[in-house]
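Colleague: I have the structure open and would like to go through it with you. Can we start with how the helices pack?

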Amino acid sequence: MEMKVPNHVAIILDGNGRWAKAKGLPRTAGHIQGAKTVEKICEDAYHMGIRYLTVYAFSTENWNRPEKEVETLMKLLRDYMKNSLKRAQKNNMCVRVLGDKSRLAEDIKKSIYELEEATKNNTGLHFQIAINYGSRDEITRAVRKLCEKVAAGELSAADVNERRIAEELDTAGLPDPDLMIRTSGEQRISNYMLWQLAYAEFYFTDVHWPDFNKEELEKAVLAYNNRDRRFGLVREENPPKEANPLKEANPIKED
């Protein structure tokens, strides 16, 4: 059957620790395997026709995890930044990091800057990684910037609207997600893209992130195809094509 592929998919990478525990391994092993899954899903998403993929890698609350686990996550981030430049250039992938970078180590911030600059003009998959990210923090930072502009006389309070707020978010310039996937059975969004997910479809799976693969991604896209996306409108019978708010996406064939 033919499927409409969502333009932008956001994923909460959950279950790394539980995956490791089930196998009698330390939690850090789950994060290592989870990082490998990210690389594979980027390729699968691109070949399916998904243009934007955003993953929740490290939240503002994750600093409260055990020190060893945080150290492992930061090491994985360093390794990813070290290896991803070559991979991104090979795959024509545009990489962008969302979140408050101020708390990250200087070498990580430098690597992020170099990666973003080197890949910003690539035209393949647009891959966003949310690191030290929390949506309430993101919105707070955006509102603070707008307040500073109003105080400086650069903007009037009457000019502050949805578009202005969106322009100050970490996701400025990106389309809102069409589909949000969370793995490992939890059914909440955990302070992830609260503004951007306003009209996204949610898909929850019991599969732990390290076991998530192309087949699981296709299941999520199939579920997305079965949703009735009206964006607050009342569906008309046989609506004219120009009135349809849905954007056509590249069809894929499912065996």
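Modeller: This is a predicted model. In it, H2 and H3 pack with their axes 10 Å apart, at an angle of about 25 degrees.

Colleague: How is H2 placed relative to H3, roughly parallel or roughly antiparallel?

Modeller: H2 is roughly parallel to H3, because angles under 35 degrees count as roughly parallel. The crossing of H2 past H3 is right-handed.

Colleague: Which residues make that contact?

Modeller: From H2 they are Arg-27, Thr-28, His-31, Ile-32, Ala-35 and Glu-39. H3 supplies Lys-68, Glu-69, Thr-72, Leu-73, Leu-76 and Arg-87.

Colleague: And how do the residues of the contact of H2 with H3 divide?

Modeller: Five are charged, four nonpolar and three polar.

Colleague: Next pair. At what angle do H3 and H4 cross?

Modeller: Helix H3 (residues 67–90) and helix H4 (residues 106–119) cross at roughly 20 degrees, and their axes come within 10 Å. That angle makes H3 roughly parallel to H4.

Colleague: Is the crossing of H3 and H4 left-handed or right-handed?

Modeller: Left-handed, for H3 and H4. The H3 side includes Met-74, Leu-77, Met-81 and Leu-85, and the H4 residues they meet include Ile-108, Ile-112 and Leu-115. By class, the contact of H3 with H4 has nine nonpolar residues, four polar and two charged.

Colleague: What about H2 and H7, how far apart are their axes?

Modeller: The axes of helix H2 (residues 27–48) and helix H7 (residues 214–225) are 10 Å apart, and the angle is about 45 degrees. That makes H2 oblique to H7. Their crossing is right-handed.

Colleague: Which residues of H2 and H7 meet there?

Modeller: Ile-41, Asp-44, Ala-45 and Met-48 of H2 meet Lys-214, Leu-217, Glu-218 and Val-221 of H7. The contact of H2 with H7 has five nonpolar and three charged residues, and no polar ones.

Colleague: Changing topic, how many aromatic pairs are there?

Modeller: The structure holds seven. One of them is Tyr-56 with Tyr-192, whose ring centres are 4.4 Å apart and whose planes are at 10 degrees, so this pair is stacked.

Colleague: Where do Tyr-56 and Tyr-192 sit in the chain?

Modeller: Tyr-56 is in strand E3 (residues 52–59). Tyr-192 is in the loop between strand E6 (179–182) and strand E7 (201–204). The pair links distant parts of the chain, as the two are 136 residues apart.

Colleague: Last topic, confidence. What is the mean pLDDT of the protein?

Modeller: The mean is 89, and 90% of the residues reach 70 or more.

Colleague: And where does pLDDT stay under 50?

Modeller: Over residues 242–255. The model has 25 contacts beyond four places in sequence for that stretch. Where pLDDT is low, predicted coordinates should not be read in detail.

Definitions and conventions. Residues numbered from 1 in each chain as written. Predicted model: local features only at pLDDT ≥ 70, side-chain atom pairs only at ≥ 80, totals over all residues. Heavy atoms only, no water. pLDDT = per-residue confidence, 0-100. Contact = heavy atoms within 4.5 Å. Axes fitted to C-alpha atoms, helices over the stretch in contact; angles between N-to-C directions. Helix = DSSP H or I, 4+ residues; strand = E, 2+ residues; numbered from the N terminus. Parallel < 35°, antiparallel > 145°, perpendicular 65-115°, else oblique. Left-handed = near helix turned anticlockwise from the far one by under 90°. Nonpolar A, V, L, I, M, F, W, Y, C, P; charged D, E, K, R; others polar. Phe/Tyr/Trp six-rings, centres within 6.5 Å; stacked < 30°, edge-to-face > 60°.
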